[in-house]
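Open the model in your viewer and keep the selection tool ready.

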Amino acid sequence: EIASNAGSVEDLHRLCGMVCEQYEYDYFIYGAQFPVSLVRPQILILSGYPDEWREHYTAHGYLEVDPTVHYCRNNIVPLDWASLALAEAQNNPITTRFMREANAFGLKSGASFPVHGSRGELAMFSMACAEDHKKTKHAIMESMPFAQLLASHIHEAVRRVFESENIIVGPVQLTDREKETLLWAAEGKSAEEI
């Protein structure tokens with residue numbers, strides 16, 4: 001119900017913080033990519049992660065190497081970060097460095113929840129703990145089905161709030177001829193043939 005009543009960015013941030021606290025996590029982050037443009041999709045972040053980590057993450061371009069982001073783009077079921085240790089075991093130096101640095105900033109264990117929206121948007125909600133996985137494993141496993149459902153509700157609330165503030169472009173209305181032209185272009189027809 002709180003998600004459906006969220007009416008501002010502050011409400012959304014508070015909602016994410018409440019979910020995080022309820023499931024005994026220390027930090028959260030919600031990120032979404034909205035396909036408002038083929039060249040420049042719109043990215044939204046609600047962060048409850050340490051500011052120092054966010055600055056470090058951005059400065060090092062970690063969006064491109066973050067294994068949780070990669071996972072959430074390509075999957076629909078939750079990710080327990082303990083399985084990322086498999087990448088470390090496979091000797092992936094980039095992932096290994098990323099994980100060690102996240103750990104040094106206090107993001108030692110956690111889970112990520114992918115959301116694939118009805119308008120082509122990709123989102124994820126992650127929660128992290130300052131304790132290592134041995135201490136948090138039980139709480140993480142218990143939270144995963146509920147947090148996955150909540151991630152979807154959070155995403156819907158974000159989409160509603162940002163659409164109402166005209167930050168996210170709504171569905172584009174095309175004429176029948178425009179739709180037909182796009183269809184033929186997708187089929188490989190040239191402008192002259194169309």
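**Stop one: a strand and its partners**

Select G31: its bridge partner in β2 is I45. This is a predicted model, where local features need pLDDT of at least 70, side-chain atom pairs count only at pLDDT 80 or more, and totals for chains, interfaces and linings use all residues. Residues are numbered from 1 along each chain as its sequence is written, and side-chain values use heavy atoms, leaving out hydrogens and water.

Now show β1 and β2. They run antiparallel, joined by 6 bridges. Strands pair if DSSP finds at least two bridges between them. Strands are DSSP runs of E, at least two residues, and helices are runs of H or I, at least four, numbered from the N terminus.

Pick I29 and you find S126 of β5 opposite.

Is β1 mostly covered or open? In β1, 6 of 8 residues are buried (under 20% relative accessible area, 1.4 Å probe, protein chains only).

**Stop two: the largest pocket**

Select D66, T68, V69, F98 and M124. Of the 37 lining residues, these are the closest to the centre of the largest pocket. Its volume is about 770 Å³, the space filled by probe spheres set on the points. A pocket is an open set of points on a 1 Å grid, with protein on both sides within 12 Å along at least five of seven lines; lining residues have an atom within 4 Å of a point.

Next, colour α6 (93-104). α6 gives the most to this lining, 6 residues.

Note on methods. On a 1 Å grid over the protein atoms alone, a cavity is a set of points where a 1.4 Å probe fits but cannot get out, and a pocket is an open set with protein on both sides within 12 Å along at least five of seven lines; lining residues have an atom within 4 Å of a point. Buried means under 20% relative accessible area, exposed over 50%, partly exposed in between (1.4 Å probe, protein chains only).
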